[in-house]
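This briefing concerns a single protein chain and is intended for computational work. Please consult the sequence and the structure shown here before reading on.

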Amino acid sequence: MRLSPTEQPDVNRPARRLISLLGSMTLTAGLVVAAPPAASAADSMTDLGVRLSIADHSEVSAGGDKVFVSAGDRVLITDTEGVLLGAVTDLPGVEELVATPDGVHAYAALSDSHQVVEIDAATMAVTRRIDFTAYSCLTDLALSGQTLWTAHGCDPYAGSVVTRLDVSAQDPQPVTVLTGQGTTPKIAVVGNTLLLNLPDTASADVAVYDVSTGSATLRGEIDGGDPGTSSQPGLTITPDGSTAVLAFSRGLESWDLASLTKHRDYGQNPAAPGQVIEFAVSPDGVHLAGGWLGDRGVELYDLATGAITYTQKIPSGWPTPRILTMTIVGNDVFSVLYTSGTTNLRLWRLEDAALLPSSVALSAPAEEATALEPVKLTGRLTLPEGMNPGLRALKVTRRLPDGTSTQLPYAKTKLDGSFSITDTPPKAGTVSYDASWPGSATVRGSSASASVAVARQSSSLTLHGNTEQIVGNRLYLWGTLKFGDHAPTTSPSLTVIRANPDGTSTELGTTQVAASGGFKIGDTPDQEGEYPYSVVFLGDDTAEGTIEAHSVTVRAGD
């Protein structure tokens with residue numbers, strides 16, 4: 001039977017203290033708070049070990065299995081998982097940076113020495129230095145095939161200059177292709193098309209040139225309108241050469257380069273204000289990434305439709321983190337972050353950001369569950385429109401209030417994507433479940449979490465044995481502890497208290513409960529009288545506490 005404190009045998013203060021403790025544990029065990037979900041291991045942040053002033057410049061470019069980042073007087077090289085491999089140092093005033101598509105070489109512009117250096121990624125060494133002392137203020141680089149393009153401009157009277165050189169030549173020399181009237185020009189080149197921002201800071205127009213003959217022939221202009229600031233738009237061309245992408249502070253635009261007409265806008269959302277500070281087009285020309293100043297972080301768009309396919313805020317924890325530059329490598333987006341508090345550069349990798357989105361929904365029952373009793377959660381895997389989920393395995397993890405986690409048997413979706421998870425929580429408190437789908441070659445994985453409020457299981461004790469005994473003889477009592485209808489799952493111990501005929505009581509210590517729930521008590525009373533024995537289970541994070549008593553009359557022997 002389960003006894004309340006008022007129903008206990010007349011035991012002294014030590015016994016009453018234990019019973020009081022039993023009641024307090026019954027009240028507090030359900031207040032355990034579940035540990036928060038672990039951070040996703042997919043994305044990564046690499047501290048590049050470089051301090052940079054906000055006035056300094058940084059660029060990121062990628063090719064093959066390498067990512068290159070310029071910073072101050074060096075170019076850092078990582079692999080495509082963001083692991084820092086090394087750096088090429090002693091490059092004073094390194095500014096613009098481009099990498100070959102195979103990642104074998106990178107080209108960096110050095111403003112202090114008026115050079116472009118060729119970097120070998122394997123040896124992390126400078127293999128060539130190309131002299132540009134005849135051209136002042138190198139402001140931009142572009143690489144198309146084996147042709148390296150450079151833009152120069154700082155003298156408002158001399159105007160801007162665009163050159164080209166063949167990097168496959170043994171001793172490449174820059175050749176002037178175009179001169180203009182603007183300063184600090186930006187260029188983009190793919191195939192036979194060259195984009196150049198125009199010098200008029202009152203507009204955001206971009207000139208489009210045909211460079212198929214080796215010289216630049218104006219084909220027309222993209223009417224970028226009023227940029228609203230004195231800055232010129234960022235610009236690039238999709239890898240197939242068909243589309244220009246322009247970046248303004250208010251958002252991004254794509255333009256057809258055959259007709260010089262606008263395709264569509266990206267990210268121009270009045271409900272989500274922000275300012276574009278960087279952007280990148282994926283190597284396959286399918287995705288456009290925008291880096292926003294402020295809370296919007298990174299957004300990915302489908303270049304053809306303008307739909308947002310992915311968003312991620314900049315990680316918090318540093319003062320005013322800001323995206324300096326970004327690129328897309330395979331399915332991953334890499335951004336270089338600057339933080340004003342530490343001035344450290346960090347390489348932020350968003351894994352599989354360019355894949356199509358999926359979603360996992362997971363719902364827990366509204367009613368409270370009970371430890372050691374089955375609980376059922378339901379959910380659904382949703383894939384992009386037109387894709388049938390079918391039978392797919394999901395990884396399921398249970399997280400207990402103490403932070404420990406256990407991977408459960410895989411759940412499997414039905415043809416429509418629905419699934420269910422049945423589990424038996426071993427402990428009370430807030431028990432959380434994570435269900436995740438790893439994704440496929442074209443669809444990004446996703447996960448969901450749900451929590452279940454789990455109450456402690458009821459417990460019960462039985463206690464039996466002789467009701468009479470002779471003074472000085474050993475007596476034994478036997479009993480069983482159960483958690484609901486189950487044997488105990490937590491290897492508990494029981495406290496044993498003997499009330500003596502003289503009104504005192506003796507704590508006889510503890511007895512361990514066997515896996516089956518059984519236990520045994522031995523004692524040798526040395527006086528005649530009535531001996532009430534109490535066995536107390538104080539409760540734990542699985543089951544409530546309980547108490548049971550058994551009286552033995554001790555008599556003198558014949």
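The model is predicted. Its chain contains one helix and 44 strands. Of the 558 residues in the chain, 48% are buried.

**Overall make-up**

- The accessible surface of the chain amounts to about 25100 Å², and carbon and sulfur atoms account for 50% of that surface.
- When contacts between residues at least 6 apart in sequence are considered, 52% of them join residues at least 24 apart.

**Pairing around strand 35**

- Strand 35, which spans residues 429–439, pairs with strand 32, residues 393–399, in the antiparallel sense over five bridges.
- Within this part of the model, R399 has S432 of strand 35 as its bridge partner.
- The bridge partner of Y433 is A450 in strand 36.

- Across the whole structure, the search finds one cavity of 30 Å³ or more.
- The largest cavity has a volume of about 40 Å³.
- Its lining consists of A109, L110, S111, H114, Q115, F132, Y135, C137, L138 and H152.
- By class, the lining of the largest cavity comprises six nonpolar residues, four polar residues and no charged residues.

Conventions: Residues are numbered from 1 along each chain as its sequence is written. This is a predicted model: local features need pLDDT of at least 70, side-chain atom pairs count only at pLDDT 80 or more; totals for chains, interfaces and linings use all residues. Side-chain values use heavy atoms; hydrogens and water are left out. Helices (H or I, at least four residues) and strands (E, at least two) are DSSP runs, numbered from the N terminus. Buried means under 20% relative accessible area, exposed over 50%, partly exposed in between (1.4 Å probe, protein chains only). Contact means heavy atoms within 4.5 Å. Accessible areas come from the Shrake-Rupley method with a 1.4 Å probe; for residues, only the protein chains shown count as cover. On a 1 Å grid over the protein atoms alone, a cavity is a set of points where a 1.4 Å probe fits but cannot get out, and a pocket is an open set with protein on both sides within 12 Å along at least five of seven lines; lining residues have an atom within 4 Å of a point. Grid points are joined across faces, edges and corners, and a volume is the space filled by probe spheres set on the points. Ala, Val, Leu, Ile, Met, Phe, Trp, Tyr, Cys and Pro count as nonpolar, Asp, Glu, Lys and Arg as charged, and the others, Gly among them, as polar. Two strands pair if DSSP finds at least two bridges between them.
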